[in-house]
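Please open the model in the viewer and show it as a cartoon.

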Amino acid sequence: MLEEEMLTALRMRRQCLSAYADQEEYDRLYRDTSPVQNVYFHGFGQPPCITFRADFDDLEYNRVRQAQRILVKGRFQGGNVGFIEAEELELFAGLYRKPYKPSPTQETLLALIRREGPMNIALMKEMTGLLVKEITPALHKLQAAFLIFEDQPDGEWDRGWMRFEEMFPDVDIGRYTRQEALEIVLQRFAYRYIRFMAKEAKSFYALPEKEIRAAAEALTERGVFVAEGDGWLLAADRALLQEEKLEPFRGVFALHRNDFLVKCNEYWLKTAFRQPDADVLQYLLIDGHFRGAVMGHFKYGPYIIEDVMLNLPEGEAKARRVEILDAIGRVNPKEESPVRRYCGKPLPPF
């Protein structure tokens, strides 16, 4: 078995957490970790970003890419909103396109858009007499079937809906089968996560574990992957880890709930860190492993931080308190969101 510390060190390198990415590397990281979801509990219309990874302001960078429709919005990963590069639409259609099951409301809206052209929900309501609560879920189902496209080039509420083929006439949504698409994205996933188990890929992509295993095993048969324990990694990475000695990763990050690494581990994180009457605001990645959570309450504006939960030996939790609180302060300014308790014990006012 490969040393866990070396796997973690390489994962942190590939995640650009041990060294920030320049624009070229960032573009590769974005592609490999797509679909990219917005920061959890973000302000409406905020562009996607990959927190802590870039040596530049990737929020503004992606704002421009969104305005230029280099990044486009879709419904992936169990119906969640995510942003991918437009040139990857064929791949993600193969991965996530749902069969169209017509309903009267969907048929009405689809016929309307085909006849009248792009329009917003308010106009649909006016022209059909349907309620917004009827229109919105029907549009989402049409979107998941890649029949219509939600154009969101900025943060405005007034978004246009149009025929998918009108916006992307050259995109062949049937180009890839699910298996073919999975084999492509799993290679990217392995490059950024290093050794992975089927349940971690399932947790991120929200696809059946059986299909993920089938794709991973097909890649293993072709020599792209090698089996390692109860998971897989790229054959090239196994050779690299056997040859190269990496420095163990040390550091603390407070990662939001839609972060790539959080989504990969969501299947166990949801039950590992819980408190009555409190939400997980961020998860704490300590030395490359999730060992804690920031507990409190979401609200628009600064969050309310009730406690810091840690799965660390008492001595280490005490010795690293300043480091951990500083990491929390990077995303929750101390003046606005003071931490009330640390491992259940009250902290003095800031």
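The C-alpha trace spans about 70 × 55 × 35 Å along its principal axes.

This is a predicted model, in which local features need pLDDT of at least 70 and side-chain atom pairs count only at pLDDT 80 or more, while totals for chains, interfaces and linings use all residues. Residues are numbered from 1 along each chain as its sequence is written, and side-chain values use heavy atoms, with hydrogens and water left out.

Next, colour the chain by burial. Of its 350 residues, 51% count as buried, where buried means under 20% relative accessible area, exposed over 50%, and partly exposed in between (1.4 Å probe, protein chains only).

**Select residues 23-32**

This selection is helix H2, whose buried residues are Glu25, Tyr26, Leu29, Tyr30 and Asp32. They cover an arc of only 165 degrees around the axis, which puts them on the same side of H2; the arc is that of the directions from the helix axis to the C-beta atoms. An α-helix has 3.6 residues a turn, so residues three or four places apart point the same way.

Which elements do the buried residues of H2 pack against? Display helix H1 (4-14), helix H3 (58-67), strand E1 (71-76), strand E2 (80-85), helix H9 (178-193) and helix H10 (198-205), which are their partners. Contact here means heavy atoms within 4.5 Å.

**Select the loop between H2 and H3**

Pro35 lies in this loop. A cis peptide bond, with omega about 0 degrees, links Ser34 to Pro35.

Phe52 is found in the loop between H2 and H3 as well. Although Phe52 is not a glycine, its phi is positive, at about 75 degrees. Phe52 is buried, with a relative accessible area of 12%.

**Select Ala206**

The last stop is in the loop between H10 and helix H11 (209-221), where Ala206 is located. Ala206 is a residue other than glycine with a positive phi, near 55 degrees. Is Ala206 buried or partly exposed? Ala206 is partly exposed, with a relative accessible area of 40%.

Definitions and conventions
Helix = DSSP H or I, 4+ residues; strand = E, 2+ residues; numbered from the N terminus.
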